[in-house]
Amino acid sequence: LQDKQCYMWFGTIYGLNRYDGYNFRKFENIPGDTLTLGNNNVVSLYQGTDETIWIGTSTMLSSYNPAKETFRNYNVSSLQSVIHDIKEDEEGVLWLATGSGLFSFDKKTNKTRYVATNDSVRNNIQCILISKDKNILWLSSEKGIVQLNKKTGIYKTYIFPFIAFTDISPEISHNIIEDKKGNIWMTTSANGIYQLNKATGKLQSYHVNIISPSSPQNRITTQMIEDDDGRLWIGGEGLAIFDPV
């Protein structure tokens, strides 16, 4: 994460690190001190509109106040799970993608609410995309791509013919993006990437071979961004560039 003060933040399994361009400063949990980081296994980072930095860990949600340089921890029983991703909507509500499903977090009341995204008790959510239509959330789940209307609570899953995530650990996440044409793309564990055409509802798979020292043909994809030319840069155990045109 690059914050609004241009500091670079790095979440690791050994704590949180901030780089000011010259030096690193490390933030760790100090047992018994509630104003320190709640858990040293940092999985996700997000800076809110009020400049608060939100930290998703393997067990809880934490926040960091840059002005006071103190942490606050939210050890909510329903959030005893890895927080893979954090996003904030236009109403200031935080949305949390966790290994136990999707949750919303009200910053005013500090209360969480479970939001159903399928018919089962558990749905492993890895990443959240807030659509250009602000009411729609797109979610990467182990069953496929989920479209959720956060106003109505109505959801629809575009199911993959396999379990999308087979390598889940606190150190791995799989993301979902919307390209310039409005198509939704999602990375997976071992079957490349998927494109969802929102207009037709059609899913299309693409096998992307990521060249890495450990494996000449590796289909594990975890992160993806689109560049100005419409190409997709895909990371896994290596790097691939995919041109969907």
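## Surface and overall form

The protein exposes about 12,200 Å² of surface, and carbon and sulfur atoms supply 52% of that area; accessible areas come from the Shrake-Rupley method with a 1.4 Å probe, and for residues only the protein chains shown count as cover. This is a predicted model, in which local features need pLDDT of at least 70 and side-chain atom pairs count only at pLDDT 80 or more, while totals for chains, interfaces and linings use all residues. Residues are numbered from 1 along each chain as its sequence is written, and side-chain values use heavy atoms, with hydrogens and water left out.

Along its principal axes, the C-alpha trace of the protein spans about 50 × 45 × 30 Å. A compact globule with 245 residues would have a radius of gyration near 18 Å, and the protein agrees with this because its own value is 18 Å; the radius is taken over C-alpha atoms, and the globule rule is 2.2 Å times the number of residues to the power 0.38.

## Strands, burial and contacts

The secondary structure comes to zero helices and 22 strands, where helices (H or I, at least four residues) and strands (E, at least two) are DSSP runs numbered from the N terminus. Of the 245 residues in the protein, 47% are buried, a term that means under 20% relative accessible area, with exposed meaning over 50% and partly exposed lying in between (1.4 Å probe, protein chains only).

Among the contacts in the protein with a separation of 6 or more, 42% are between residues 24 or more positions apart, a contact being heavy atoms within 4.5 Å.

## The second largest pocket

The second largest pocket holds about 170 Å³ of space. On a 1 Å grid over the protein atoms alone, a pocket is an open set of points with protein on both sides within 12 Å along at least five of seven lines, whereas a cavity is a set of points where a 1.4 Å probe fits but cannot get out; lining residues have an atom within 4 Å of a point. Grid points are joined across faces, edges and corners, and a volume is the space filled by probe spheres set on the points.

The lining of this pocket is made of 13 residues, and Thr52, Trp54, Ser63, Arg72 and Tyr74 are those nearest its centre. Strand S6 (61-65) and strand S7 (70-74) each supply at least two residues of the lining, and the largest share, four residues, comes from S7. By type, the lining divides into five nonpolar, five polar and three charged residues, where Ala, Val, Leu, Ile, Met, Phe, Trp, Tyr, Cys and Pro count as nonpolar, Asp, Glu, Lys and Arg as charged, and the others, Gly among them, as polar.

## Trp233 and Leu239

Trp233 lies in strand S21 (residues 232-236) and counts as partly exposed because its relative accessibility is 30%. Not counting residues up to four places away in sequence, Trp233 touches Gln223, Met224, Ile225, Asp227, Leu239, Ala240 and Ile241.

Leu239 and Gln223 are 16 residues apart in sequence, and their C-alpha atoms are 9.6 Å apart in space.

## Two residues with positive phi

Cys6, in the segment before strand S1 (8-12), has a positive phi of about 75° although it is not a glycine. With a relative accessibility of 55%, Cys6 counts as exposed.

Glu51 also is a residue other than glycine with a positive phi, near 75°, and it is found in the loop between strand S4 (42-47) and strand S5 (53-57). Its relative accessibility is 34%, so Glu51 counts as partly exposed.

Lys26 is in strand S3 (residues 24-27), where its 45% relative accessibility makes it count as partly exposed. Leaving aside neighbours within four places in sequence, Lys26 is in contact with Tyr14, Leu16 and Asn17, while the C-alpha atoms of Lys26 and Val245, 219 residues apart along the chain, are separated by 43 Å.

Glu142 is placed in the loop between strand S13 (136-141) and strand S14 (144-149), and it counts as buried because its relative accessibility is 18%. Glu142 and Thr166 are 24 residues apart in sequence and 8.3 Å apart in space, from C-alpha to C-alpha.
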